Amino acid sequence: MLFLWIYMFYSCADSCAGLTTRGLPAPPRASPPLSPLLPGEPGEESSLEEQREALDAGSPISSFFNGSGTKRLPQAIIIGVKKGGTRALLEFLRVHPDVRAVGAEPHFFDRNYERGLAWYRDLMPKTLEGQITMEKTPSYFVTKEAPGRISSMSKGTKLIVVVRDPVTRAISDYTQTLSKKPDIPTFESLTFKNRTTGLIDTSWSAIQIGIYAKHLENWLLYFPIGQILFVSGERLISDPAGELGRVQDFLGLKRIITDKHFYFNKTKGFPCLKKAEGSSKPHCLGKTKGRTHPDIDQEVVQRLRDFYRPFNMKFYQMTGQDFGWD
């Protein structure tokens with residue numbers, strides 16, 4: 001029997017080897033190693049990496065994951081605030097493989113609620129088991145009906161609020177409007193009902209949004225404070241990895257997003273991603289972010305600081321965090 005096996009082995013050697021080469025495509029050539037991605041401005045990555053990215057996008061594995069999964073209602077929502085840093089937070093979070101998020105703001109709980117939950121769910125990306133579905137719409141935080149509507153969808157929804165010095169936030173809000181409507185009145189004239197008496201116009205949305213304590217009271221009627229994470233817009237700039245660490249912990253995610261994912265863009269004045277979601281390219285937020293603020297009368301700035309101070313103190317007490325705005 002032993003001699004029979006030896007005979008069969010040697011008889012098959014040549015013919016079996018031919019099966020690997022005759023009638024079959026040649027094995028793929030090994031791609032040259034990619035050069036490491038260094039911190040830099042967008043557009044500095046090599047063409048080799050661009051080619052690899054294009055190949056990866058069309059791979060069967062990529063196609064499988066892009067086409068599989070289930071559309072689910074979000075388990076976590078970034079609910080505010082406008083001009084606080086919500087877009088940056090969402091873009092940073094999308095780097096995490098277990099986060100899937102809608103890019104555009106759905107505005108379901110403030111503007112499109114009558115369309116129904118089926119419509120809302122259909123906007124969501126497909127997720128695999130263990131992945132989190134997210135969306136962000138900053139106006140939810142100041143919408144009176146939003147807390148009750150989100151609670152009706154799911155009382156367990158995790159909520160994230162990105163807050164920023166309310167004076168700086170108001171000026172940033174005004175700057176955005178000014179870029180679209182250059183003929184609007186000055187910031188100073190919009191701030192006061194009567195500048196002589198110093199009465200602040202709280203009906204102006206740019207001012208009203210920054211009264212965080214007032215808006216938070218509405219949310220606490222429906223959600224416990226422990227179900228809401230408050231992210232510092234200032235620390236999101238100075239220490240993005242630190243704030244993202246807190247967010248990942250809050251969402252129950254492994255801490256994958258770390259310092260290695262960021263570089264500081266001196267031109268824009270805030271951190272950017274070395275690699276964006278699904279890409280090998282560096283990525284910074286668009287030109288609409290990081291606009292230069294107009295010069296505001298410092299007396300007006302001080303009056304606004306005095307106005308917000310008691311609301312800020314109450315907000316610190318409610319959240320258990322001192323954001324250092326005073």
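Trainee: How do you know that β2 and β6 pair, and in which sense?

Mentor: Two strands pair if DSSP finds at least two bridges between them; β2 and β6 have 4 bridges and run in the parallel sense. Helices (H or I, at least four residues) and strands (E, at least two) are themselves DSSP runs, numbered from the N terminus. One place to look is Ile77, which stands opposite Leu159 in β6.

Trainee: Before we go on, what sort of model is this, and how is it numbered?

Mentor: It is a predicted model, where local features need pLDDT of at least 70, side-chain atom pairs count only at pLDDT 80 or more, and totals for chains, interfaces and linings use all residues. Residues are numbered from 1 along each chain as its sequence is written, and side-chain values use heavy atoms, with hydrogens and water left out.

Trainee: Thanks! Which strand does β9 run parallel to, and over how many bridges?

Mentor: β9 (residues 228-232) runs parallel to β6, joined by 5 bridges. With at least two needed for a pair, β6 and β9 count as paired. Leu159 has Ile228 as its bridge partner in β9.

Trainee: What makes β6 "largely enclosed"?

Mentor: Buried means under 20% relative accessible area, exposed over 50%, and partly exposed in between (1.4 Å probe, protein chains only). In β6, 5 of the 6 residues are buried, so the strand is largely enclosed by the rest of the structure.

Trainee: Why is a set of residues called a nonpolar core?

Mentor: The name is for buried Ala, Val, Leu, Ile, Met, Phe, Trp, Tyr and Cys residues joined through side-chain atoms within 4.5 Å. The largest such core here has 29 residues, and Ile79, Phe109, Tyr140, Ile150, Trp219 and Phe315 have the most contacts inside it. At least two residues each come from β2, α6, β6, α10, β9 and α13, with α10 giving the most, 4 residues. Apart from it lies another core, of 26 residues, among them Ile78, Leu90, Val247 and Leu251.

Trainee: Which residues does Tyr140 touch?

Mentor: Contact means heavy atoms within 4.5 Å. Leaving out residues up to four places away in sequence, Tyr140 touches a list including Ile77, Ile79, Phe109, Ala146, Ile150 and Trp219.

Trainee: Now Lys83: why is it called buried?

Mentor: Its relative accessible area is 16%, and the limit is under 20%, so Lys83 is buried. Gly84 has 5%, so it is buried as well. Lys83 is in the loop between β2 and α4, and Gly84 is in the loop between β2 and α4 too.

Trainee: How do you know that Lys83 is annotated as "active site"?

Mentor: That comes from an unreviewed UniProt entry. UniProt positions are given in the numbering used here, feature names are shortened, and annotations may be inferred rather than shown by experiment. The entry's "binding site" annotation covers residues including Lys83, Gly84, Arg164 and His293.
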